[in-house]
Amino acid sequence: MLHLRLIVPVDLRDSVLKRLDASVGVTHVVLLPDAAVRPAGDVVLCDVARESADEVLAALRETGLTERGAIDVDEIELTLSAAADEAERLAPGEGADALVWEAVSEITHEESTLTGVYLAFLTVATMLAACGAVLDSAILVVGAMAVGPEFGPLAGLCVALVQRRPGPALRSLNALVAGFAVAMALTVGFSLLMDGLGLFSRGQFDAVRPNTSFIWQPDATSFVVAFLAGIAGLLSLTSSKAGMLVGVAISVTTVPAAANAAVGLGYGDLRQFWGSSMQLLLNMAGIVVAGVLTLLVQQGAWRLIRRGGGGQPPACGRARAPARRGGRRGARSSRELRAPPGRSGRVGR
């Protein structure tokens, strides 16, 4: 179940309550008149089955609530209520299969923006991977892969392509291109500094490295692994299973490839530079292709489930993330869907 807290201007009260009353899967509706101060209005609380969340949020948007009020969404971890069980029973489909596009768009927006913290993590991860590549240390390479934040922009690009939103797509591409450019440039300097200090050597880099030579020798398997990782990554994102993203991160050779390319460029080894660059592009392409296909399949499957259950098909281009059914979840995350004048919420920024 999801818990909604709505700040509702007085003149929208009847419209909002009617929408909630007409929606399948809504229960525990509470009205607190004149409880909100800024923006002024009523506070309406309700619980919604994840299977119905997308349609309920779309109906609330149509009232203009995101422009004049606010919608806060929390996940509920534990609900002991016959009314909640009945709401989930009436909502077509299963919560584990549901896509809540609002949540997916919000998560990918936060993770796919070029920020100082994003650049810092990507740069540190690339430098760690450079150490792993030169020293032929698989442990360091795996650690760098886990630290790298690049899956966020890749997932954001997948969501933007499915939603056909050029703005978010360009934002994700900017985070990827600028992020890797900065990280690789700094890693070139880092590798030369390490060489000057006697901690790296050209001999180490040119030697046979059985544990890390795959980084600059891409093949068809590289694309297959990236494709499978892309499927797992998008499924973990839409199902809110963030812990699985660690497994995705350490299965794809993006950061190590960028690091090896940077070291190769520093030493003037164009063979390893181009091989690593090809590995980087091949892996990112595999993730994006798999991610887009995964979202399209989930969207199509959920439409069929909703239609078969007698519900309205989910609105294409909104945002959805599966949940676990059973009404047993507790407040884990809160996202406020509030838009400034002239915008309708945060989806597709």
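The model is predicted. The protein comprises 14 helices and 5 strands, and 53% of its 349 residues are buried. Of the contacts between residues at least 6 apart in sequence, 83% join residues at least 24 apart.

**Helix 6 and helix 13**

- Helix 6, formed by residues 116-135, packs against helix 13, formed by residues 255-267, at an angle of about 70 degrees, and their axes are 8 Å apart.
- Helix 6 is therefore roughly perpendicular to helix 13, since an angle of 65 to 115 degrees counts as roughly perpendicular.
- The crossing of these two helices, helix 6 and helix 13, is right-handed.
- On the side of helix 6, the contact involves Leu122, Ala125, Thr126, Ala129, Ala130, Ala133 and Val134; helix 13 contributes Val255, Pro256, Ala258, Ala259, Asn260 and Val263.
- Sorted by class, the residues in the contact of helix 6 with helix 13 are 11 nonpolar and 2 polar, with no charged residues.

**Helix 8 and helix 9**

- Helix 8 spans residues 151-163 and helix 9 spans residues 166-196; their axes come within 8 Å and cross at roughly 160 degrees.
- Helix 8 is therefore roughly antiparallel to helix 9, because angles over 145 degrees count as roughly antiparallel.
- The crossing of helix 8 and helix 9 is left-handed.
- Helix 8 supplies Pro153, Leu154, Gly156, Leu157 and Ala160 to the meeting with helix 9, where the partners are Pro168, Ala169, Ser172, Leu173, Ala175 and Leu176.
- The contact of helix 8 with helix 9 has 9 nonpolar residues, 2 polar residues and no charged ones.

**Loops and backbone geometry**

- Most residues other than glycine have a negative phi, and most peptide bonds are trans.
- The peptide bond from Arg38 to Pro39 is cis, and its omega is near -5 degrees. Pro39 belongs to the loop between strand 2 (26-36) and strand 3 (41-48).
- Asp136 has a positive phi, near 55 degrees, although this residue is not glycine. Asp136 is placed in the loop between helix 6 and helix 7 (138-147), and its relative accessible area of 16% makes it buried.
- Arg164 also has a positive phi, near 55 degrees, and is likewise a residue other than glycine. The loop between helix 8 and helix 9 holds Arg164, which is exposed at a relative accessible area of 74%.

- Leu17 lies in helix 1, residues 13-22, and is partly exposed, with a relative accessible area of 25%.
- Beyond its neighbours within four places in sequence, Leu17 is in contact with Val29, Leu31 and Val44. Leu17 and Val29 are 12 residues apart along the chain, and 8.7 Å separates their C-alpha atoms.
- Asp72 is located in strand 4, residues 70-75. Asp72 counts as buried because its relative accessibility is 8%, and the cut-off for buried is under 20%.
- Asp72 and Ile7 are 65 residues apart along the chain, with their C-alpha atoms separated by 8.6 Å.

**Cysteines**

- The structure contains 0 disulfides.
- Cys131 is buried at 16% relative accessibility, and Cys158 is buried with a relative accessible area of 0%.

Key: Residues are numbered from 1 along each chain as its sequence is written. This is a predicted model: local features need pLDDT of at least 70, side-chain atom pairs count only at pLDDT 80 or more; totals for chains, interfaces and linings use all residues. Side-chain values use heavy atoms; hydrogens and water are left out. A disulfide is a pair of cysteine sulfur atoms within 2.5 Å. Buried means under 20% relative accessible area, exposed over 50%, partly exposed in between (1.4 Å probe, protein chains only). Helices (H or I, at least four residues) and strands (E, at least two) are DSSP runs, numbered from the N terminus. Contact means heavy atoms within 4.5 Å. Axes are lines fitted to C-alpha atoms, for helices over the stretch in contact, and angles run from 0 to 180 degrees between N-to-C directions. Angles under 35 degrees count as roughly parallel, over 145 as roughly antiparallel, 65 to 115 as roughly perpendicular and the rest as oblique. A crossing is left-handed if the near helix is turned anticlockwise from the far one by less than a right angle, and right-handed if clockwise. Ala, Val, Leu, Ile, Met, Phe, Trp, Tyr, Cys and Pro count as nonpolar, Asp, Glu, Lys and Arg as charged, and the others, Gly among them, as polar.
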